[in-house]
Amino acid sequence: MKHLHGPELSAEARRAVAQVAPWVKEPEGEPRPPRAEVAAAVRLSLAVLEELAPGHAVEVRVPPFAAVQCVAGLEHRRGTPPNVVQCAPITWLRLVVGLEDLASSGADTSGTRASTIAGHLPLFRI
C-alpha cells in the first residue's frame, strides 16, 4: 500500500471503515469481517489520527494491528510511553465512528495526556 496523506488518506480510511461498518455497528449480531479488512480500517484510521494530531506525546495502540504516536507535547523515545491509549480493534473502530466515547469505552488509558485524543474523535460518521 502506498503512503497516503491528506484527503487521499481520509478517503481511503473512510472506505476501509465503511467496509467493516455493519460489524462495527453490531459486533454481536454481525460476523467479524476478514482480518485484512479489519486491519486496513484500523491502520488507516490511526494514520488519519496521526495526521490530525501530530506529535509524540500519546501512543495509541490497537493490537495486533498498529500503534501510532500523536498529540503535540513532550516526545517520548524509549521504553513504555507515559501516555497510552490501548484498545481492541472493535473498540477503536467504534470510537472512530462515534458509537462510543473514550471515557466510557473499554479502552485502557494511562497518563495525564492520554484522554486528549478524545478531542479528535470521532474521525468519521457512518
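Three bridges join β1 to β3, and these two strands run parallel; strands here are DSSP runs of E with at least two residues, helices are runs of H or I with at least four, and both are numbered from the N terminus. The model is predicted, so local features need pLDDT of at least 70 and side-chain atom pairs count only at pLDDT 80 or more, while totals for chains, interfaces and linings use all residues. Residues are numbered from 1 along each chain as its sequence is written, and side-chain values use heavy atoms, with hydrogens and water left out.

**The sheet**

- Four strands form an open sheet with mixed pairing in the order β2-β1-β3-β4, where two strands pair if DSSP finds at least two bridges between them.
- Because β2 and β4 stand at the edges and have a single partner strand each, one side of each is left without a neighbour in the sheet.
- From one strand to the next, the twist averages 10°; axes are lines fitted to C-alpha atoms, for helices over the stretch in contact, and angles run from 0 to 180 degrees between N-to-C directions.
- V60 stands opposite V85, a residue of β3.

- Helix α3 covers residues 35–52, and its 18 residues should span 26 Å at 1.5 Å a residue, which agrees with the 26 Å between its end C-alpha atoms; the expected span is 1.5 Å times one less than the number of residues.
- The helix lies across β1 and β2, running at about 5° to β2.
- The buried residues of α3 are V38, A39, A41, V42, L44, S45, L46, A47, V48 and L49, where buried means under 20% relative accessible area, exposed over 50% and partly exposed in between, with a 1.4 Å probe and protein chains only.
- The cover over these buried residues includes α1 (6–19), α2 (21–25), β1 (58–62), β2 (66–70) and α4.

**L95 in helix α4**

- L95 is found in helix α4, which comprises residues 89–96, and L95 is buried, with a relative accessible area of 1%.
- Leaving aside neighbours within four places in sequence, L95 is in contact with C87, E100, D101, L102, S105, L121 and P122, contact being heavy atoms within 4.5 Å.
- P54 is 41 residues from L95 along the chain, and the C-alpha atoms of the two are separated by 19 Å.

**Cysteines**

- The structure holds zero disulfides, a disulfide being a pair of cysteine sulfur atoms within 2.5 Å.
- C70 is in no disulfide, and the nearest cysteine sulfur, that of C87, is 12 Å away.
- Both cysteines are buried, C70 with a relative accessible area of 0% and C87 at 6% relative accessibility.

**Backbone exceptions**

- Most residues other than glycine have a negative phi, and most peptide bonds are trans.
- The peptide bond from P63 to P64 is cis, with omega near 5°, and P64 is placed in the loop between β1 and β2.
- A cis peptide bond is also found from L121 to P122, with omega near -5°, and P122 lies in the segment after β4 (108–110).
- V71, a residue other than glycine, has a positive phi, near 70°; V71 lies in the loop between β2 and β3 (84–86) and is buried, with a relative accessible area of 8%.
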